[in-house]
Amino acid sequence: MPYVARAAGRTMRIAHAANEVHPGHILATSFAEGLQELMPGGFNVQIFPNRQLGDDKQLLEGAVAGTMDVTAVSGVLIPLVTGRQAMNAWQLPFLVRDYDHFGELALGEVGQKIQADLAEAGLIGLATADTGQRNFLSVKNTVTSVPDFAGLKTRIVPVPLHKQIWETVGTAPVGLPYGEVYGALETGVIDAVEINVSSMLGENLWEVGKHFTLTGHYPWHMATVMSQRYWDDLNDEEKAAVTEAGRRSIAKTLAYAKTQDLEGREQLKGKGVEIVELTDLDAMRQRVSALTSEWAAKDPLIANFVAATGASS
């Protein structure tokens with residue numbers, strides 16, 4: 001059954017691919033709660049988690065086409081579907097320091113410009129939040145240093161940036177949909193996956209992978225986007241409410257993700273997962289550092305983002 005925020009008002013369907021314990025679900029529910037606070041009774045929001053209405057790519061394509069009102073999707077897929085490259089900025093490795101830094105960037109000028117850029121693709125960007133710092137899960141052996149990455153069949157989202165990052169690190173990237181990760185780890189189709197704690201818990205990946213290496217290579221950003229069709233049908237008061245509700249949802253989601261990340265590591269240890277640090281993290285940083293300037297050259301907004309983080313491109 002969908003989460004229902006209220007029983008009256010303008011109908012709004014929000015769909016996403018994540019489990020209810022995932023911060024992506026909090027991104028959606030906190031947005032709905034914000035709308036309720038700002039316009040009581042103004043919207044009848046129904047939230048469909050767990051890929052009920054499709055996977056990330058299908059939901060995003062639906063929003064672009066105007067058949068989906070609102071979706072919260074993995075930001076890495078936005079360039080793939082829309083051709084707008086700026087969203088890639090969030091996952092340039094080792095630029096975003098932590099959840100607080102993410103919030104500063106998302107609510108700041110550069111984060112808002114990256115969201116606004118989606119209008120060129122027929123989307124209204126309402127929020128961008130980190131739903132979990134990414135680390136590395138392996139099945140057979142513990143990865144403790146950069147040489148250990150060599151040749152590991154590692155699941156990635158099949159997009160150019162991720163492919164380039166993980167080839168540069170030394171793995172053998174394998175593009176797979178999110179919903180296929182568990183089975184692929186279980187059957188040996190892949191040896192590893194770059195993943196966050198929330199997905200480890202939400203998808204029960206701890207059952208098939210017991211070696212978790214803390215690398216914190218980039219955030220997993222999700223974006224709440226509204227179709228242009230739905231936006232155009234709103235009046236000025238409603239547009240102001242959905243815009244503000246999007247902004248409010250960022251802080252709530254980041255707070256949840258930060259807490260879940262730390263507490264979730266203890267839960268994973270209790271389930272028999274070995275959690276280790278990468279002993280030569282600086283070597284990993286150095287290996288992928290050249291990608292920053294290469295990708296900054298692809299879009300002025302990416303270059304602006306790099307500058308806003310304090311890194312050099």
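This is a predicted model: local features need pLDDT of at least 70, side-chain atom pairs count only at pLDDT 80 or more; totals for chains, interfaces and linings use all residues.

Trainee: At what angle do α1 and α10 pack, and how far apart are their axes?

Mentor: The angle is about 140°, and the axes lie 7 Å apart. Helix α1 covers residues 23-38, while α10 covers residues 236-270.

Trainee: Is the crossing of α1 and α10 left-handed or right-handed?

Mentor: The crossing is right-handed.

Trainee: Which residues meet there?

Mentor: From α1, the residues include Pro-23, Ile-26, Leu-27, Phe-31 and Leu-38. Among those they meet in α10 are Val-242, Ala-245, Arg-248, Lys-252 and Tyr-256.

Trainee: And by class, what does the contact of α1 with α10 contain?

Mentor: The contact has eleven nonpolar residues, together with six polar and five charged ones.

Trainee: Turning to the strands, what is the order in the open sheet?

Mentor: The open sheet has six strands in the order β8-β7-β9-β6-β10-β12, and its pairing is mixed. At the edges are β8 (172-175) and β12 (274-277), each of which pairs on one side only. On average, neighbouring strands of this sheet are turned by 30° against each other, direction ignored.

Trainee: In which sense do β7 and β9 pair, parallel or antiparallel?

Mentor: Strand β7 (residues 153-156) pairs with β9 (residues 192-195) in the parallel sense, over two bridges.

Trainee: Which residue of β9 does Thr-154 stand opposite?

Mentor: Thr-154 faces Ala-192 in β9.

Technical notes:
Residues are numbered from 1 along each chain as its sequence is written. Side-chain values use heavy atoms; hydrogens and water are left out. Two strands pair if DSSP finds at least two bridges between them. Helices (H or I, at least four residues) and strands (E, at least two) are DSSP runs, numbered from the N terminus. Axes are lines fitted to C-alpha atoms, for helices over the stretch in contact, and angles run from 0 to 180 degrees between N-to-C directions. A crossing is left-handed if the near helix is turned anticlockwise from the far one by less than a right angle, and right-handed if clockwise. Contact means heavy atoms within 4.5 Å. Ala, Val, Leu, Ile, Met, Phe, Trp, Tyr, Cys and Pro count as nonpolar, Asp, Glu, Lys and Arg as charged, and the others, Gly among them, as polar.
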